[in-house]
Amino acid sequence: MDNRFKGIQLTRDENKVMSVNVAELGLDDLMEGDVVVEVEWTTVNYKDGLAITGKGPVVRRWPMVPGIDCAGTVVSSENARFSPGDKVILNGFGVGETHTGAFAAYARLNGDWLIPMPNGMDGRSSMAIGTAGYTAMLSVMALERHGITPERGPVVVTGANGGVGTVAIAVLGKLGYEVIASTGRTEEADFLKELGASDVIHRDELSGPAKPLNKERWAGGIDAVGSHTLANVLSMTSYGGAVAACGLAQGMDLPSSVAPFILRGVSLLGIDSVMAPLALRQEAWARLVTDLDMAKLEALSTEIGFDGIIDAAHSIVDGKIRGRVVVDMK
Ligand code: NDP
């Protein structure tokens, strides 16, 4: 491996003003870990956008190499599970937040955080999916566990043009669900229908203050938006339905009431990708191999190089990225 290599580094001065730099790094700049991975593919998630723009309190250790997920090859390992040459995926566990992350040629990581590249997937496709797509899969699995089958009725997906939303639509569509896509970009309706949506609604229908209960419109939901949007989704969920809450693009608040829960038996399912147990992760990645159409993944992905990461980070927090951004680090 190269002794010096390129990476993005976030630093903070004594007044807590953050700088974003492309720096020459060495292994000493990376935090402790028992496996060194050559990063071949990574991706820009919403959380990476918050970290690089400083718009959200994502980074909790300075200096930090951001980047919450990557795919690559093990170059050295003191962990019994991995040997040099193994292809692996990393996502979550505070990487890019409290542990130096993926936006560098190498990442030094705890081997217990890594999963072997699933059969049927490669580095590029795994990072086109990335944390956002894997969170979409966790959300679908949560609805399934709650008995929300396609026969129960439609499923609404909010933040439909985003990373979570596009992958959720593609997976739900392939599984036979009727999908209602909620978006601020209705000009992308044809794209969303090609991915698997049956119907597209404007997000303004869901973004204002919610009534405690409203007309029943769907059996389930995958919500990447939070705030009033999640409150409206809950108020329009039919009797016994469920909503998987995974995001906060509109806000972290939830101005709702208990009415959907106690009068319609609706369930709110919390989705966390960061600390999800290994078995659940492996199940989600395996399900993505079978239940996500790779042609649709290609259609919703844009490829950039290392030099495009910082611009993409700004675009994603401005809501300007359609689908997923995959980064070729080679
Ligand atoms: P993206 O930025 O790709 O997508 C978010 C989408 O939300 C946008 O494309 C837009 O969709 C919509 N949106 C943005 N701003 C607003 C707003 N003010 N009001 C209503 N809708 C809005 O992000 P991701 O899909 O990658 O992530 C979505 C959310 O999920 C983020 O909050 C992220 O932090 C969270 N997340 C959580 C995880 C977990 O472990 N729970 C893991 C991964 C992500 P459109 O243009 O279609 O309206």
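The model is a predicted one, in which local features need pLDDT of at least 70 and side-chain atom pairs count only at pLDDT 80 or more, while totals for chains, interfaces and linings use all residues. Residues are numbered from 1 along each chain as its sequence is written.

Helices (H or I, at least four residues) and strands (E, at least two) are DSSP runs, numbered from the N terminus.

The protein chain is divided into domain 1 (5-117 + 300-328) and domain 2 (131-270), with bounds from an automatic or database domain assignment. Over C-alpha atoms, the domain centres are 29 Å apart. Contact, defined as C-beta atoms, placed from the backbone, within 7 Å, links 10 residues of domain 1 with 10 residues of domain 2. On the domain 1 side, the touching residues are three nonpolar, four polar and three charged.

A nonpolar core is a set of buried Ala, Val, Leu, Ile, Met, Phe, Trp, Tyr and Cys residues joined through C-beta atoms within 7 Å. A residue is buried if 20 or more other C-beta atoms lie within 10 Å of its own, exposed if 12 or fewer, and partly exposed in between. The largest such core has 104 residues, and V37, V155, A168 and I169 have the most contacts inside it. Helix 2 (residues 123-145) gives the most to this core, with 11 residues. Domain 1 and domain 2 both contribute, so the core lies between them.

Beyond four places in sequence, V37 touches C70, G72, T73, V74, V75, V88, L90, Y106, A107 and L109. Strand 3 (residues 35-43) runs antiparallel to strand 4 (residues 69-77), joined by seven bridges; two strands pair if DSSP finds at least two bridges between them. In this pairing V36 stands opposite S76. Strand 4 also pairs with strand 5 (residues 87-91), in the antiparallel sense over five bridges, with A71 opposite I89.

How values were computed. Two residues are in contact if their C-beta atoms, placed from the backbone, lie within 7 Å. Ala, Val, Leu, Ile, Met, Phe, Trp, Tyr, Cys and Pro count as nonpolar, Asp, Glu, Lys and Arg as charged, and the others, Gly among them, as polar.
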